[in-house]
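Please keep the sequence and the model at hand while reading.

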Amino acid sequence: MGDIPILQLNGLTKSFDDFTALHPMDLKVRDGEFLAIVGPSGCGKTTLIRLLVGMEDPSGGSIWLRGERIDEIPANKRPTCMVFQSLALFPHRSVGQNIEFPLKLRKTPPAARKERALELLALLRLPEEYYHKRIDQCSGGERQRVALARALAFDPEILFFDEPLSALDYRLRKTLEKELRDLHQRTGKTFVYITHSLEEAMVMSDRIAIMRAGRFEQIAPAAEIYARPTSSFVAEFMGEVNLFDLRDGSGDLLLTGAGNEFATRPGTLMIRPESLRILGPDENAEISMSAQVSAEYMLGSRMQYALSLPSGKAITAELLRENADGPKPGDSLRLGCAASACHLIPEG
Amino acid sequence: MKGREHRLGMLYALPVAGFLALSFLAPILLVAAFSIMPQKVFTIFHMPDFSAYGEFLAQGYWRSVAWSLAMAFAATAILFVICWPLAFAMAKVFRGFTLVLTIGVVMTLFVSENIRLFGWVLTLMKGGLIEGHIRHWTGTGFDGLLYNVPVIVFGLVYVYLPFMLFPLAQGIAMVPDDARQAAFDLGASRWQILREIELPLAAPGIMVGCLLCFVLSAGAIAESKLLGGQAVIVIADEVETAFTYGQNWPLGAALAMVLIAIVGAIAIWGISKADLDAMIGRRR
């Protein structure tokens with residue numbers, strides 16, 4: 001394997017009539033990686049995964065699995081499989097029969113099939129009695145595990161997920177996210193996970209690919225995407241952020257010292273709400289601004305403030321809730337941060 | 001509360017239950033009573049006499065029953081095979097065209113079965129549409145295509161097509177698309193998807209369609225009389241003859257009872273297998 005990626009896309013495209021769902025896409029997935037593909041609905045991520053598993057034919061480009069071209073192979077001959085958003089369990093089969101389905105297709109002897117199914121039940125922490133249970137007797141979380149077990153019984157090179165957790169309630173989702181992460185580490189398989197929830201992607205994955213309107217915006221580990229987004233779309237997608245367009249001068253910002261560097265390069269300056277702090281009367285920072293508090297929100301350990309700048313621009317700041325007499329709505333104050341805590345997005 | 005609702009439900013069901021008993025059960029009981037009536041004695045107050053059933057065995061009437069059942073079975077099997085692709089297309093592929101097709105198939109039911117079969121007689125008979133044209137063009141004719149067993153089966157297939165097509169389409173509509181896609185993704189071939197996913201999940205529709213066609217075909221009479229001539233005598237024909245020309249009511253009733261017993265047993269077995277709840281969407 002070494003340097004051959006397990007999955008590689010070369011200029012993969014997909015158009016429906018006159019609508020281009022996917023612009024030429026390039027991607028390399030490492031063996032054993034957990035890659036999350038994240039994007040808002042309608043960004044083409046479901047189309048992408050349907051191309052990857054073979055349920056749709058690409059309009060152009062190619063898909064390579066361990067150096068072999070697979071985009072012309074039909075889905076039932078590809079060594080990959082997918083956990084559906086609906087799970088797509090077979091309602092007329094028991095839990096055990098669902099899990100054994102891919103093995104039955106390969107004519108595995110019944111005894112070996114059952115043994116493997118029981119192993120998988122154990123791996124997914126389902127009791128052995130579930131082997132004979134009907135699908136409609138299982139809860140949502142149990143069905144997730146059965147669908148996973150069935151996919152693992154197939155023993156795929158890559159396991160794709162099409163938002164399988166999106167229909168579950170918050171707490172169960174959180175539990176299953178961690179289980180999935182754990183399962184990934186125990187099985188050592190390559191997981192490619194599609195979701196619209198960045199939070200989900202950050203908890204589980206090694207790398208995140210952010211998609212927008214049929215293109216990858218950025219592909220990097222979560223920490224890097226958070227600290228150094230390559231576009232304002234990614235920056236905003238990653239959570240609450242303040243963006244300042246510096247192409248027409250510094251505007252509301254007062255730049256000194258290292259902060260001056262940003263003024264000479266055109267782009268968008270990103271300041272995270274938690275990077276901002278309140279400046280004392282004689283205090284200065286490399287980047288500073290004066291602002292008026294318009295609202296405050298309690299976030300538990302921190303307080304979030306909505307503020308407006310002299311130009312009318314609204315920004316957000318988050319401060320630790322250390323002292324009781326923090327700023328109140330209506331107060332005027334000065335905010336600042338270090339140049340090293342900010343990030344300049346070149347494209348603007 | 002539950003008990004009261006239960007009692008109310010029973011009460012509401014009473015009129016329909018009474019009507020069904022009167023209109024469905026009573027004629028069968030009457031026929032059953034006729035079948036154990038001594039011959040040429042028109043009274044139902046007498047000692048039971050099973051000689052009509054003896055006659056059924058001795059006179060070879062079982063052959064007519066066998067022909068009826070065999071042709072009904074053949075027609076049902078052929079209907080299933082030809083209707084499956086069409087029903088699949090109606091349920092999953094055609095969009096607006098399904099309505100056109102439905103109207104087209106239902107329209108044929110507006111014309112009486114006998115008139116439609118006479119149409120086929122005119123088409124298939126010697127000197128009819130097909131044979132007449134061929135003789136005109138080639139100079140050599142043949143005996144026409146009527147009066148044999150295959151043409152009776154053809155008639156049954158033709159007449160009962162809607163009774164297979166619509167239940168099948170309904171059954172296939174119950175097969176979730178994602179289950180088919182998931183099976184395909186997990187490595188199933190087209191045949192494996194058909195066997196493992198589509199047939200079991202569409203089973204209620206298949207069962208209803210097959211039962212309707214089988215039961216109707218087993219009791220059919222017009223196809224064998226009009227298209228089949230005297231090629232074979234079906235059991236319904238024998239029943240009619242016994243009641244009319246024969247004036248042997250006990251025999252006719254006994255023949256009818258045998259047919260009812262066989263077909264009823266098959267129907268009850270089929271219904272017990274089919275999940276009618278799923279069919280009308282109470283589950284899933």
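Two strands are taken to pair if DSSP finds at least two bridges between them, and strands (E, at least two residues) and helices (H or I, at least four residues) are DSSP runs numbered from the N terminus. This is a predicted model, in which local features need pLDDT of at least 70 and side-chain atom pairs count only at pLDDT 80 or more, while totals for chains, interfaces and linings use all residues. Residues are numbered from 1 along each chain as its sequence is written, chains are lettered from A and ligands numbered from 1 in the order in which they are written, and side-chain values use heavy atoms, with hydrogens and water left out.

In chain A, an open sheet is formed by four strands in the order β2-β1-β4-β5, with antiparallel pairing. Because β2 (19–29) and β5 (68–69) of chain A stand at the edges with a single partner strand each, one side of each is left without a neighbour in the sheet. Two bridges join β5(A) to the antiparallel strand β4 (residues 60–65) of chain A, and A:Trp64 has A:Arg69 in β5(A) as its bridge partner.

Across β1 (7–16), β2 and β4 of chain A lies helix α1 (residues 45–53) of chain A, which runs at about 120° to β1(A); such angles, from 0 to 180 degrees, are taken between the N-to-C directions of axes, lines fitted to C-alpha atoms, for helices over the stretch in contact, where contact means heavy atoms within 4.5 Å.

Most residues other than glycine have a negative phi. A:Lys107, in the loop between α2 (95–105) and α3 (110–123) of chain A, has a positive phi near 65°, and A:Glu163, in the loop between β7 (158–162) and α5 (170–187) of chain A, has a positive phi of about 45°. A:Lys107 counts as exposed at 65% relative accessibility, whereas A:Glu163 is buried at 8% (buried means under 20% relative accessible area, exposed over 50%, partly exposed in between, with a 1.4 Å probe and protein chains only).
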